[in-house]
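Biologist: I'd like to go through this model with you and ask what stands behind each label. Can you set every value against its cut-off as we go?

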There are 2 protein chains.
Amino acid sequence: MAEAAQTISDHIHKMLDDLTRAERQLALSVLENYPASGLGPLTALAKDADVSVPTVARMVQKLGYKGYPEFQAALREELKAKVKTPIAKHDTWAEAAPSGHILNRFTEAVIENIRLTLGQIDPTAFDQACDLIADADRHLFIVGGRITHTLAEYLFLHMQVIRPHVTHVQSTSNTWPHYLLNAKEGDVFVIFDVRRYENNTLKLAELAHERGAKIVLMTDQWRSPVHQVATVCLSNRIVVPSAWDSATTMMLLLETMISSVQTLNWTQTKARIEGLEDMFDQTKLFRKFT
Amino acid sequence: MAEAAQTISDHIHKMLDDLTRAERQLALSVLENYPASGLGPLTALAKDADVSVPTVARMVQKLGYKGYPEFQAALREELKAKVKTPIAKHDTWAEAAPSGHILNRFTEAVIENIRLTLGQIDPTAFDQACDLIADADRHLFIVGGRITHTLAEYLFLHMQVIRPHVTHVQSTSNTWPHYLLNAKEGDVFVIFDVRRYENNTLKLAELAHERGAKIVLMTDQWRSPVHQVATVCLSNRIVVPSAWDSATTMMLLLETMISSVQTLNWTQTKARIEGLEDMFDQTKLFRKFT
DNA sequence: ACTGATCTGTGATAAATATTTCACAATTGT
DNA sequence: ACAATTGTGAAATATTTATCACAGATCAGT
């Protein structure tokens, strides 16, 4: 046990580079629900990680143990030690960092934001927003501000794959009035607006509303003035220990929305995705992953 | 084994009265450092509790298990569940929605991603990354791919405020070689690369590495090939119930990083922020329509 | 203090499982 | 096409578990 004070989890993590693919797959599986999985029989672990028995035997030795039983014994020792420590509270997310470390403070705040945001969300409103966004008969405009335009673009990138007739508008640009000319009754605007609320965005929203468009607003807990003309308003907690606001909660909601919308018209979407993947493959834009 | 609802520890406690002296002695030893001792071999447990082997076998059956292995399996299951529990107390995040609703399923997955990502992150590496990014003497290049470029831009927007000499590079664009010409030894590249990994990004990273630049890599749990030339590699869990991967965990890490970097050179940053705010006000960039 | 019933440990053994290791084929990446 | 990796199936080995008979210990009640 020359490996000093580091946990086996650390050790495995450090060795990750020296492991081959199957071994790494196994290692990640061990870490997945650590340490329980490593305490069962070797064969069970192999099946769980979807690798062969010899692979497990090989990796354990590569990690420096004489055999699987010795590895298990080490795990048990660690578990025994860990339980004894009264700091078993899970307020440390990054276990290797002190609880006052920014990693833990920030994560704690974000989780709290998520809890509060989700706790007061109206599932009906959420579903309604998804329905609107999924409806390919409506042109979809996605509007972001100075900071939020990255979120808007994230949504745009995905919607572009899922459905036709999507436009990304930046409210800080002076070209958005041109886009608005094309908007007709029943079209949908997804608008991002958090403090400090932007006048451009409000103006855009009002004009869109006048033209009979539906508005889905993604805002913060104090709600942008846009909410007065919004059909659906989803408000997020965004306060974190930082000089900035957090977009993480909104990102979560956004991705949930993307997942939901995609499910809603999967049949129509599937072909689009496959076509796109083919095109990417053909142009070799990406490297095939395995 | 109908006692599904309660923990094995509880169960043992309850049975304590029905046990004989040696069995009780054994049971207490099991509870002593629970559950580690029960996960080793039967003989070890017997010796540990200072009872005989048959006593262990007898007690296990008295507890209602078919044999010692089954008892161990139950312990492992409980351990597995327990590790997850600190967060799982929020069975339903969106209280108004059924637990099967996508809002709850998705959030559950993201929280799990966060837990796993933070759990295996190396705070030293994280701090090192922050130090590199905070160092105004090094030019900072931020590189994103097709999807990740929104994250890259999010980082860029903030870094632009916090420090000078920041450049946003899109690896999918064919203009990035021009940026690379300006990179000199000691400069820092923050590179985003998740599956499916992009060849352009890898090429860019390799060239940057050759020029002596430091590379901070934000990638997924399988790690982009860029990690071979990276100074710091931060890997994130990204799997969610969706056709796409989740960027939420990475966003969290990113914002934590921004917060940390900003704190590191706050004195230098403060003036920049104030100056910028003034400029926004003066140019009325956001008030055109008031 | 005695008795009888119950509990417990010993040592041995058979049965069951788990581990380790082969050689070789299939697969993968370069 | 070559080298490295990985899986397969099997067999040998090692370990663990379950159980037995029996002897000693314990204890309650007389």
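**Labels and their cut-offs**

Biologist: Why is Glu23(A) called buried?

Modeller: Glu23(A) has 6% relative accessibility. Buried means under 20% relative accessible area, exposed over 50%, and partly exposed in between (1.4 Å probe, protein chains only), so Glu23(A) counts as buried at its 6%. Bear in mind that this is a predicted model, where local features need pLDDT of at least 70 and side-chain atom pairs 80 or more, while totals for chains, interfaces and linings use all residues. Residues are numbered from 1 along each chain as its sequence is written, chains are lettered from A and ligands numbered from 1 in the order written, and side-chain values use heavy atoms, leaving out hydrogens and water.

Biologist: How do you know that Lys62(A) forms a salt bridge with Glu23(A)?

Modeller: Their closest N and O atoms are 2.9 Å apart. A salt bridge needs a side-chain nitrogen of Lys or Arg within 4 Å of a carboxyl oxygen of Asp or Glu, so the pair passes. The two residues sit 39 residues apart, Lys62(A) in helix 4 (residues 53-62) and Glu23(A) in helix 2 (residues 21-32) of chain A; helices here are DSSP runs (H or I, at least four residues), numbered from the N terminus. Lys62(A) itself is partly exposed, because its relative accessible area is 37%.

Biologist: What makes a residue part of the surface near DNA strand C?

Modeller: A residue is near a strand if one of its heavy atoms lies within 4 Å of it. For DNA strand C that gives 19 residues, with Leu42(A), Gly67(A), Thr20(B), Ala22(B) and Thr55(B) the closest. Sugar or phosphate holds 81% of the atoms of DNA strand C within 4 Å of the protein.

Biologist: Why is the Thr20(B) pair called a polar contact?

Modeller: A polar side-chain atom of Thr20(B) lies 2.3 Å from a phosphate oxygen of DNA strand C. A polar contact is a pair of N or O atoms within 3.5 Å (within protein, one must be able to donate a hydrogen and the other to accept it, and residues adjacent in sequence count only if both atoms are side-chain atoms), so the pair qualifies. On DNA strand D, a polar backbone atom of Ala22(A) is 2.4 Å from a phosphate oxygen, and a side-chain N or O atom of Thr55(A) is 2.7 Å from one.
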